[in-house]
Amino acid sequence: MLWFWILLRIVLSPILYLGWRPRNSGMRHVPKRGAALLVSNHLSFADHFFGPLPLMRPIFFIGKGEYFTGRGIKGLISKGFFTGVGVVPVDRTGGSAAEAALDTGLRILGEGKLLGIYPEGTRAPDNRLYRGKTGVARLALKAKVPVVPMAMINTFELMPSGRPLPRLGIRPGVRFGAPLDFSRYYGQEDDREVLRKITDEIMQAIQGLSGQEYVDRYAAEVKAEMEGKTPRPVSDDD
């Protein structure tokens, strides 16, 4: 991870700034040291580049273990890339995907790092903001670290799903909001109503930064419908 972050700062940062002139704001809200949970909307693959770009610290993300288990040259490239952009594989040994993701997130935060979370669970199928899954709330309560809302701007127009390269002429950016305080709920991480309330508050904060239209449905369900598929049931903990 460190080598890619250094490469991003030295080589890619000038290219990204000169090529797309991103508009960034609110970086003062991200702690300069110590653990914090950064919670963002997810519009594009480009989020992995333009989100961490203005920060002087790397952001780590939780990813599927399959990204790291491919074989051959393609598998090595995939593993190298996702490791480079800060994706940490989930260890599902002895537990469900949700519990494994929680444990992995707690470990990253316990190491004093910045952890990035996309509570929608997938890239949005359009430019709207979708219902968040409550795993982010459980993580916030268990970790007891600052929760910083984060909004990606114009990355959907820049590089929508299926487009291999970003468009020119689009100015993306990221906005960080003031940390959210959920200390009044500590110890209630098993209360589903509390988890939903916290998650909705986080999504409202992201919406306030992004200005997106909010849709009270899961992005995965809407994406399946748009592709002509029958949506499978999606739960808060998926």
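Colleague: Which residues touch the most other members in the largest nonpolar core?

Modeller: Leu 37, Val 147, Phe 182, Ile 198 and Ile 202 do, in a core of 31 residues. Keep in mind that this is a predicted model.

Colleague: And which elements give two or more residues to this core?

Modeller: Those elements are S2, H4, S5, H5, S7 and H7. The largest share comes from H7, with eight residues.

Colleague: Take Ile 198 then. What does Ile 198 touch, leaving out residues up to four places away in sequence?

Modeller: Ala 137, Leu 141, Phe 182 and Tyr 185.

Colleague: What other core lies apart from it?

Modeller: There is another core, of 22 residues. Among its members are Ala 46, Phe 61, Val 148 and Met 159.

Colleague: Back to H5. Which residues of H5 are buried?

Modeller: H5 covers residues 135-143, and its buried residues are Val 136, Ala 137, Arg 138, Leu 139, Ala 140 and Leu 141.

Colleague: At what angle do H5 and H7 pack?

Modeller: At about 100 degrees, and their axes are 8 Å apart. The angle makes H5 roughly perpendicular to H7.

Colleague: Which residues make the contact?

Modeller: From H5, Val 136, Ala 137, Arg 138 and Leu 141. From H7, Val 194, Leu 195, Ile 198, Thr 199 and Ile 202.

Colleague: What follows H5?

Modeller: Lys 144 follows H5. Phi of Lys 144 is near 55 degrees, which is a positive value in a residue other than glycine. Lys 144 is in the loop between H5 and S7.

Colleague: Is Lys 144 buried or exposed?

Modeller: Lys 144 is exposed, because its relative accessible area is 52% and the cut-off for exposed is over 50%.

Colleague: What about Asn 154, where is that one found?

Modeller: Asn 154 is in the loop between S7 and helix H6 (155-158). Its phi is near 65 degrees, again a positive value in a residue other than glycine. Asn 154 has a relative accessible area of 29%, so it counts as partly exposed.

Colleague: Changing topic. How many aromatic pairs does the structure hold?

Modeller: Three. In one of them, the rings of Trp 20 and Phe 50 have centres 6.1 Å apart and planes at 80 degrees, so that pair is edge-to-face.

Colleague: Which parts does the pair of Trp 20 and Phe 50 tie together?

Modeller: Trp 20 belongs to helix H1 (residues 2-20) and Phe 50 to helix H2 (residues 47-50), so the pair links parts that are 30 residues apart in sequence. Trp 20 and Phe 50 are both buried.

Colleague: And Phe 61 with Tyr 118, stacked or edge-to-face?

Modeller: Stacked, because the planes are at 15 degrees, with the ring centres 5.4 Å apart. The cut-off for stacked is under 30 degrees.

Colleague: Where do Phe 61 and Tyr 118 lie?

Modeller: Phe 61 is in strand S3 (residues 59-63), and Tyr 118 is in the loop between S5 and strand S6 (129-130), so this pair ties together parts that are 57 residues apart in sequence. Both Phe 61 and Tyr 118 are buried.

Colleague: What sits over the ring of Phe 60?

Modeller: The charged end of Lys 113, 4.5 Å from the centre of that ring.

Colleague: Now Phe 176. Why does Phe 176 count as buried?

Modeller: Because its relative accessibility is 3%, and the cut-off for buried is under 20%. Phe 176 is in strand S8 (residues 173-176). Its C-alpha atom is separated by 6.8 Å from that of Val 148, a residue 28 residues apart from Phe 176 along the chain.

Colleague: Which residues of H8 are buried?

Modeller: In helix H8 (residues 219-226), they are Ala 219, Glu 221, Val 222 and Ala 224. What covers them includes S6. H8 is followed by Gly 228, with a positive phi near 75 degrees.

Colleague: Last one, for the whole protein. How many helices and strands are there?

Modeller: Eight helices and nine strands. The protein has 238 residues, and 47% of them are buried. Of the contacts with a separation of 6 or more, 77% are between residues 24 or more positions apart.

Definitions and conventions:
Residues are numbered from 1 along each chain as its sequence is written. This is a predicted model: local features need pLDDT of at least 70, side-chain atom pairs count only at pLDDT 80 or more; totals for chains, interfaces and linings use all residues. Side-chain values use heavy atoms; hydrogens and water are left out. Buried means under 20% relative accessible area, exposed over 50%, partly exposed in between (1.4 Å probe, protein chains only). Helices (H or I, at least four residues) and strands (E, at least two) are DSSP runs, numbered from the N terminus. A nonpolar core is a set of buried Ala, Val, Leu, Ile, Met, Phe, Trp, Tyr and Cys residues joined through side-chain atoms within 4.5 Å. Contact means heavy atoms within 4.5 Å. Rings of Phe, Tyr and Trp (its six-membered ring) pair if their centres lie within 6.5 Å; planes under 30 degrees apart count as stacked, over 60 as edge-to-face and the rest as tilted. A charge sits over a ring if NZ of Lys or CZ of Arg is within 6 Å of the ring centre and within 35 degrees of the ring normal. Axes are lines fitted to C-alpha atoms, for helices over the stretch in contact, and angles run from 0 to 180 degrees between N-to-C directions. Angles under 35 degrees count as roughly parallel, over 145 as roughly antiparallel, 65 to 115 as roughly perpendicular and the rest as oblique.
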